[in-house]
Amino acid sequence: MAAQKNTRSTKRTARTKKTAAVSGAKEVSSKKSKRVTTKRVSALDAAARVLAEEAKPMSCGELIETMAAKRYWSSPAGKTPASTLYSAILREMNTKGNAARFRKTERGKFACRQTA
């Protein structure tokens, strides 16, 4: 039995040495130069910005064209960005209620809530 206890204690020390080596590796990797990345603007943020600037109700197709023309946002490879934006706006309106950034003026058209 004494031999078994001895092997267990050596396994424990081996584990602690292994974790110390891993933590040392983390410190070295954190010292690498950090890349400066710009955060991409979401389609919802860009749509809210366009609606605030234009101050008129717009459809999602018009929003997508305006966002691309002003270089606020462009669809990476989506086939139906207007439909995706439409559902995202509706989801925000349902989730946030009166605190949402958008309001629906007529069928398929949205406006910025601050302009109302």
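What percentage of the 116 residues in the protein is buried? Buried residues, those under 20% relative accessible area with a 1.4 Å probe and protein chains only, make up 22% of the 116. The structure is a predicted model, in which local features need pLDDT of at least 70, side-chain atom pairs count only at pLDDT 80 or more, and totals for chains, interfaces and linings use all residues. Residues are numbered from 1 along each chain as its sequence is written, and side-chain values use heavy atoms, with hydrogens and water left out.

The protein contains 4 helices and 3 strands, arranged along the sequence as α-α-β-α-α-β-β. Helices (H or I, at least four residues) and strands (E, at least two) are DSSP runs numbered from the N terminus. The accessible surface, calculated by the Shrake-Rupley method with a 1.4 Å probe, is about 9100 Å², and carbon and sulfur atoms account for 53% of it. A contact requires heavy atoms within 4.5 Å; of the contacts between residues at least 6 apart in sequence, 44% join residues at least 24 apart.

Helix α4 comprises 16 residues (81-96) and should span 22 Å at 1.5 Å a residue, which agrees with the 22 Å between its end C-alpha atoms. The expected span is 1.5 Å times one less than the number of residues. Leu85, Ala88, Ile89, Glu92 and Met93 are the buried residues of α4. They lie on the same side of α4, because they cover an arc of only 135° around the axis, the arc being that of the directions from the helix axis to the C-beta atoms. Their cover includes α2 (43-54), α3 (60-69), β2 (102-106) and β3 (109-112). Asn94 and Thr95, both exposed, are carried on the face of α4 turned away from the buried side; exposed denotes over 50% relative accessible area. Gly97, with a positive phi near 65°, follows α4.

The axes of α2 and α4 come within 10 Å and cross at roughly 85°. Helix α2 is therefore roughly perpendicular to α4, a term applied to angles of 65 to 115 degrees. Ala43, Leu44 and Ala47 of α2 make the contact with Leu85, Ala88, Ile89 and Glu92 of α4. Axes are lines fitted to C-alpha atoms, for helices over the stretch in contact, with angles from 0 to 180 degrees between N-to-C directions.

Glu54 also lies in helix α2. Its relative accessibility is 32%, so Glu54 counts as partly exposed. Beyond its neighbours within four places in sequence, Glu54 contacts Thr66 and Lys70.

How values were computed:
Parallel < 35°, antiparallel > 145°, perpendicular 65-115°, else oblique.
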